[in-house]
Amino acid sequence: MKEIFMYDTILPAYNKLELECGLKKNEIFEILPKFYGSRLSLKPDGDFDDDAVIFMENLKVKGYYTGDRSLGYDLEHAEEAVKALARFHALGMATKQKRPGIFEVFKMYAKPLQNAEINTDNMFVIVLDQIKKDPEISPYFERCEKILTGLTPEDIWSDSFQEPWTTIIHSDFWVNNVMFRHDEKGKINGIKFVDFQIYLYGSPIRDLIFFLYSSVKNDTTEEQVEDLMDLYYETLINTLNK
């Protein structure tokens, strides 16, 4: 239900606001695959079950691709992703200001998923074990262990909201969940976001930092991280001005 709501309600509301603010139809933010329909069950009054379906456009046959997650994206791809991310965040902020009643409903769907099966102790043991074994990052093991020990799911997903900048964030924005297309000359001419299972109402910086340090080539991050942050900020402000 959470992911369906993003496709059939939240993004269409963002696009409607863009049109009302003067953007032309060919200028609106079409960041998602085309959404054709969904169901939660084959039973007329059934809850979510294994027959649930989200029916959407096949991006692969349209030429969209993901990067190599072991390497990350180069500067050109990173710039396009950061600009699109800033626009996504800004549209949420704008909707919150101009349509506060509607946005309160959006926030209800943007809460952390309640999953009693999540065991952060086991999860962090695995992560810490990998850190200890890696010669490049093992010197930071004790610092990582101090931060991760004793954390709960609530600690991980909760934010201290700094209004008016809090917005709906993707919350899993990395290589596998942003797709690109390019023309015959290799120039990027399309970008799409996928996998909206865990979007949240929170700090947009979570998405930005997670992407920059999980999904961009190391040398690009080391040399261009401040420029990419500036690009994000400029795009965010420009979108809000529009």
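The model is predicted, so to speak of local features a pLDDT of at least 70 is needed, side-chain atom pairs count only at pLDDT 80 or more, and totals for chains, interfaces and linings use all residues. Residues are numbered from 1 along each chain as its sequence is written, and side-chain values use heavy atoms, with hydrogens and water left out. Helices (H or I, at least four residues) and strands (E, at least two) are DSSP runs, numbered from the N terminus.

- Buried here means under 20% relative accessible area, exposed over 50%, and partly exposed in between, with a 1.4 Å probe and protein chains only.

**Surface patches**

- Patches are built from residues with over 30% relative accessible area and no salt bridge, joining like charges within 9 Å and nonpolar side chains (Val, Leu, Ile, Met, Phe, Trp, Tyr) within 5 Å.
- A patch of negative charge gathers Glu 76, Glu 79, Glu 226, Asp 227, Asp 230 and Glu 234 on the surface. Helix H2 (75–98) and helix H8 (218–241) each give two or more residues to this patch, and H8 gives the most, with four.
- Glu 76 lies in helix H2 and counts as partly exposed, at 34% relative accessibility.
- Ile 205, Ile 209, Tyr 213 and Met 229 make a nonpolar surface patch of about 360 Å². Helix H7 (residues 204–214) gives the most to this patch, with three residues.
- Tyr 213 sits in helix H7 and, at 54% relative accessibility, counts as exposed.

**Salt bridges**

- The whole structure has seven salt bridges (a side-chain nitrogen of Lys or Arg within 4 Å of a carboxyl oxygen of Asp or Glu).
- Arg 99 and Glu 20 meet in one of them (2.3 Å, N to O). Arg 99 lies in the loop between H2 and H3 and Glu 20 in helix H1, so the pair ties together parts that are 79 residues apart in sequence.
- Glu 104 and Lys 107 pair at 3.3 Å, N to O; being three residues apart in helix H3, they are separated by about one helical turn.
- Asp 129 bridges to Lys 133, with the closest N and O atoms 3.1 Å apart. Asp 129 is partly exposed at 32% relative accessibility, while Lys 133 is exposed at 58%.

Key:
Accessible areas come from the Shrake-Rupley method with a 1.4 Å probe; for residues, only the protein chains shown count as cover. Lys and Arg count as positive and Asp and Glu as negative; His and the chain ends are not counted. The place of a charge is taken as NZ of Lys, CZ of Arg, CG of Asp or CD of Glu.
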